[in-house]
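The sequence and structure come first.

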Amino acid sequence: MLKLEHIRKAFRSGRDIVLALAGIDLALDRGDFITVIGSNGAGKTTLLNIIAGTVLPTVGRVIVKDRDVTTLPAYRRAQWIGRITQDPLAGTAPMMTIAENLALASKRAHRSLRLAITRRTRREMVEQMLSLGMDLEHRLDDPVSLLSGGERQALTVTMATLARPEIMLLDEHTAALDPANATKVSLLTQEFVERMGVTTIMVTHNMEHALALGNRLLMMNKGEVVYDFSEEEKKSLRVIDLVDLFSKQHIVDDELLLETS
Amino acid sequence: MALILIHATEQGLLYGIAALGVFITYRILNFPDLTVDGSFVTGAAIASSLLVTYGFDPFLVLLIAFAAGALAGVVTGLLNTRLGITDLLAGVLSMIMLYSINLRIMGRPNISLLRTDTVIRIVKRGFQPLGNVSVLVFVAIVTLAVMLILVLFFKTEVGLVLRATGDNERMVIAQGVNTKRMKVAGLALSNGLVALSGALVAQYSGFADVGMGVGTIVTGLAAVIIGGSLVHSREVVWMATSILIGSLLYRTAVMFALRYGYVIGFQASDLKLVTSLIVIIALFIPAFRERMAKRVKTC
């Protein structure tokens, strides 16, 4: 489904060159769900950027469904790849209404001069919002800027499901939310990727999530994958084991310590 | 007096089409586009030279003017999205290029339409019993039709994407849209409308002049801002309506200033200065309010 071959990415920082990714090889089958942990600066977000196409690798190839997409622009990869980031503001258009945002997401290919919102699609939208259980079904005509972070992120997840991506990239997408909303959005995402069998890569700082979700766990450090646990290995792992591994790698990360303490 | 109001309304509506164009770039695409100062004249220039030199149909030249303006918008869009020139500079470059091109189109700085058939004359002839009001009715129908089409367009799938492009471009890319292309399309639509407005104004006032577009962006903004201060709505219908109202009010104010302004020593040549001052004040008000609100909070 998705294959990364010898991906290296160098950034220029003043006179120095920083290697954000130092050679990543990764292959995902359809329906795989990988969780990725690692300290800040480990290259997790750069990895997702390269898959999504917002950043081009310095060396290496990105292959989606047996097709080399290394230089394909991000908007064209969007037909297979959906992405949700940490920032609740990133996934929605704030000045437009909930209904308009949903309409944008539900139609990806061949946009035409047909009316974007009809009575029928509105009924569907009410259903979609009802299933969120956030009382948003009455607010279809409110601009999204009036929504809270949790509501916006839930809407972003719903929009991602409407687009039916085959690959989903989740970049700490619950990190900016309060615990209640984080749980809700997390469950919502989980339900969606499992129901549709979406190939998923989830970056997280929450090691319990990293262990509980998915069928494979990667630990990254300094642009490399330092540990790659299969489904069986993952089952026997506990949070404390991961912390040990982190300290073996001399990874110091306040955020990680906070999450586990 | 009544005649002044009729003229002000007619002009407000005709220039209102240009204001709708400015609205598309400034408010919807979030792209301050200065091309309009040139494309307004392009519309007028194409219309009048085709009418005078080639005897084209007055209605047909309106469509041709729209297409020419759209082309100018495409150039600005490509300068910005393909060559990476900043939005303001891309607009300035197009505007300056258009100055030369407009002179080429006209062949001279000024074309009179006094001895040519125009849409206005055709309407006056065709609806004689209506008398003075016939032109007003025609102008109102044209402008409202343009507005209606625009409002409907912004409710279509493509229109929605265009609006979202100005609102959150990254999100639109993630929706699989080539936002560069959308920007070019938006600029084309905007400048097409501005040129259409220019072609109508030329036929209405009976001449085209190479300098008639100076300040189109500012008068357009004045209409957008005046209208926006009267009608607070995020719905496109109301935003578009408010712009036409803003344009009407602005033209009425201009008319009265030109007529009675001499009392306070106002000259016609002061108009652009005063308009810009109005826009500056209007742009400053929201920031000023915010500052006052902050001060109250900290007290």
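## The enclosed cavity

In this predicted model, the largest cavity is lined by A:Phe33, A:Leu170, A:His173, A:Ser186, A:Thr189, A:Gln190, A:Val193, A:Met202 and A:Leu213. The space inside the largest cavity comes to about 40 Å³. The count of cavities of 30 Å³ or more is one.

Helix H6 of chain A, residues 179-196, gives the most to the lining of the largest cavity, with four residues. Sorted by class, this lining has five nonpolar residues, four polar residues and no charged ones.

## The interface between the chains

The size of an interface is often given as the accessible area lost when the parts come together. Here chain B and chain A bury about 2,300 Å² between them, with 58% of it on carbon and sulfur atoms. On the chain B side, B:Glu157, B:Gln175 and B:Arg234 supply 29% of the area that chain B buries against chain A, which is more than any other three residues. Counted by contact, 22 residues of chain B touch 30 residues of chain A.

Two salt bridges are found across the interface of chain B and chain A. The side chains of B:Glu157 and A:Arg114 meet in a salt bridge, at 4.0 Å from N to O. B:Glu157 is also one of the three residues that together supply 29% of the area chain B buries against chain A. Between chain B and chain A there are eleven residue pairs in polar contact, with both residues at pLDDT 80 or more.

## The face of chain B

Three helices of chain B each supply at least two residues of the side that touches chain A: H6 (133-153), H7 (157-167) and H8 (169-174). Of the elements on this side of chain B, H7(B) gives the most, with seven residues. By class, the side of chain B that touches chain A has ten nonpolar, five polar and seven charged residues.

## The largest pocket

The largest pocket has a volume of about 890 Å³. Its lining has 31 residues, and those nearest its centre are B:Arg27, B:Val224, B:Gly228, B:Ser233 and B:Met239. Two or more residues of the lining come from each of helix H1 (2-28), H7, helix H10 (216-230), helix H11 (236-260) and helix H12 (271-298) of chain B.

H12(B) gives the most to the lining of the largest pocket, with eight residues. The classes in this lining are 18 nonpolar, seven polar and six charged residues. H7 of chain B, listed among the elements of this pocket lining, also gives the most to the side of chain B that touches chain A.

## The second largest pocket

About 660 Å³ of space lies in the second largest pocket. The lining is made of 32 residues, of which B:Tyr15, B:Met212, B:Arg251, B:Leu271 and B:Lys272 lie nearest the centre of the pocket.

Which elements of chain B each supply at least two residues of the lining of the second largest pocket? They are H1, helix H9 (179-205), strand E2 (207-209), H10, H11 and H12. H11(B) provides the largest share of this lining, with six residues. By class, the residues of the lining of the second largest pocket divide into 18 nonpolar, eleven polar and three charged.

Note on methods. Residues are numbered from 1 along each chain as its sequence is written. Chains are lettered from A and ligands numbered from 1 in the order in which they are written. This is a predicted model: local features need pLDDT of at least 70, side-chain atom pairs count only at pLDDT 80 or more; totals for chains, interfaces and linings use all residues. Side-chain values use heavy atoms; hydrogens and water are left out. Contact means heavy atoms within 4.5 Å. Buried area is the accessible area (1.4 Å probe) that two parts lose on being put together, summed over both. A polar contact is a pair of N or O atoms within 3.5 Å; within protein, one must be able to donate a hydrogen and the other to accept it, and residues adjacent in sequence count only if both atoms are side-chain atoms. Ala, Val, Leu, Ile, Met, Phe, Trp, Tyr, Cys and Pro count as nonpolar, Asp, Glu, Lys and Arg as charged, and the others, Gly among them, as polar. On a 1 Å grid over the protein atoms alone, a cavity is a set of points where a 1.4 Å probe fits but cannot get out, and a pocket is an open set with protein on both sides within 12 Å along at least five of seven lines; lining residues have an atom within 4 Å of a point. Grid points are joined across faces, edges and corners, and a volume is the space filled by probe spheres set on the points.
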